[in-house]
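I opened this entry to write down what I looked up, one topic at a time. The sequence and the model come first, then my notes.

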Amino acid sequence: MGNRSDDGFSTVSGGDDASSDGDDPSRRGSGAGPPGASSGPSLKARAVAYLSRREHSRQELRRKLSAWCDDPAALEAVLDDLAREHWQSDQRYAQAYAHRAAARQGAQRILGALRQQGLADDQLSDLRDSLRSTEAGRARAVWARKFGQPPADPREYARQYRFMAGRGFSADCIRRLLDSRDGFDPDTPSADGPD
């Protein structure tokens with residue numbers, strides 16, 4: 001311990017290398033200028049690195065790469081190349097996202113999130129049908145994990161309904177799930193009911 005500096009850490013020449021990891025544009029110094037071929041990986045290499053970690057939508061990838069490129073035409077050309085070479089696919093992204101979220105969320109919430117990532121309704125038609133065909137079973141599993149017992153009164157019915165609706169399950173699916181539980185008459189009016 002006798003060779004440490006005053007602050008307890010020894011210094012190594014070029015200690016700024018840790019801050020220039022090439023992946024975070026906010027870490028570049030103010031005089032670094034726009035990134036180019038000499039300042040780190042190419043735009044396409046960065047995109048492939050992102051895509052090797054997980055699937056990305058075209059819009060999400062565009063947003064991440066725009067921090068590294070000031071030329072929108074060059075960025076679109078890279079995105080076109082990635083799609084043509086099957087590195088990036090909005091369909092694969094949608095399938096991967098739905099697979100991750102399906103155990104916790106309903107079709108409405110999953111499809112809404114995918115629309116926010118720039119996917120069009122026509123791209124989501126097959127996925128929508130698949131999610132809706134499994135929604136009742138997925139809703140039952142989410143409900144069982146959270147509640148496990150039928151609502152005892154209108155107030156509890158409304159609470160369970162709100163939770164399930166917040167998860168993105170359809171109103172019809174929630175009603176069928178909660179109305180099929182014993183011990184509660186859903187026709188009893190409630191001041192804070194689900195509608």
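**Aromatic pairs**

I counted three aromatic pairs, where rings of Phe, Tyr and Trp (its six-membered ring) pair if their centres lie within 6.5 Å, and planes under 30 degrees apart count as stacked, over 60 as edge-to-face and the rest as tilted. I looked up phenylalanine 147 and phenylalanine 163: their ring centres are 5.5 Å apart and their planes stand at 90°, so I noted the pair as edge-to-face. Phenylalanine 147 lies in the loop between helix H6 (125–146) and helix H7 (154–166), and phenylalanine 163 lies in helix H7, so the pair ties together parts that are 16 residues apart in sequence.

Buried means under 20% relative accessible area, exposed means over 50%, and partly exposed is in between (1.4 Å probe, protein chains only). Phenylalanine 147 is buried at 12%, and phenylalanine 163 is partly exposed at 22%.

**Basis of the model**

I noted that this is a predicted model, in which local features need pLDDT of at least 70 and side-chain atom pairs count only at pLDDT 80 or more, while totals for chains, interfaces and linings use all residues. Residues are numbered from 1 along each chain as its sequence is written, and side-chain values use heavy atoms, with hydrogens and water left out.

**The chain as a whole**

I found eight helices and zero strands; helices (H or I, at least four residues) and strands (E, at least two) are DSSP runs, numbered from the N terminus. Of the 195 residues in the chain, 30% are buried.

**Salt bridges**

How many salt bridges does the structure hold? I recorded twelve, each being a side-chain nitrogen of Lys or Arg within 4 Å of a carboxyl oxygen of Asp or Glu.

Arginine 58 and aspartate 80 form one of them, at 2.6 Å from N to O. Arginine 58 is in helix H2 (residues 58–65) and aspartate 80 is in helix H3, so this pair ties together parts that are 22 residues apart in sequence. Arginine 58 is buried at 19%, and aspartate 80 is partly exposed at 36%.

Glutamate 135 and arginine 138 form a salt bridge at 3.8 Å, N to O. Both lie in helix H6, three residues apart, which is about one turn of the helix. I noted glutamate 135 as buried at 6% and arginine 138 as buried at 12%.

Arginine 176 pairs with aspartate 172, with the closest N and O atoms 3.0 Å apart. These two are four residues apart in helix H8, so about one helical turn separates them. Aspartate 172 is partly exposed at 47%. I also noted a network of salt bridges with shared partners, which joins Arg58, Arg62, Glu76 and Asp80.

**Single residues**

Histidine 86 lies in the loop between helix H3 (72–84) and H4. Its phi is positive, about 65°, although histidine 86 is not a glycine. Histidine 86 is exposed, with a relative accessible area of 62%.

Cysteine 173 is in helix H8 (residues 171–179) and is buried at 5%. From cysteine 173 to glycine 106 I noted 67 residues in sequence and 9.6 Å in space, C-alpha to C-alpha.

Proline 150 is in the loop between H6 and H7 and is partly exposed at 32%. Its C-alpha atom is 9.0 Å from that of glutamine 160, ten residues away along the chain.
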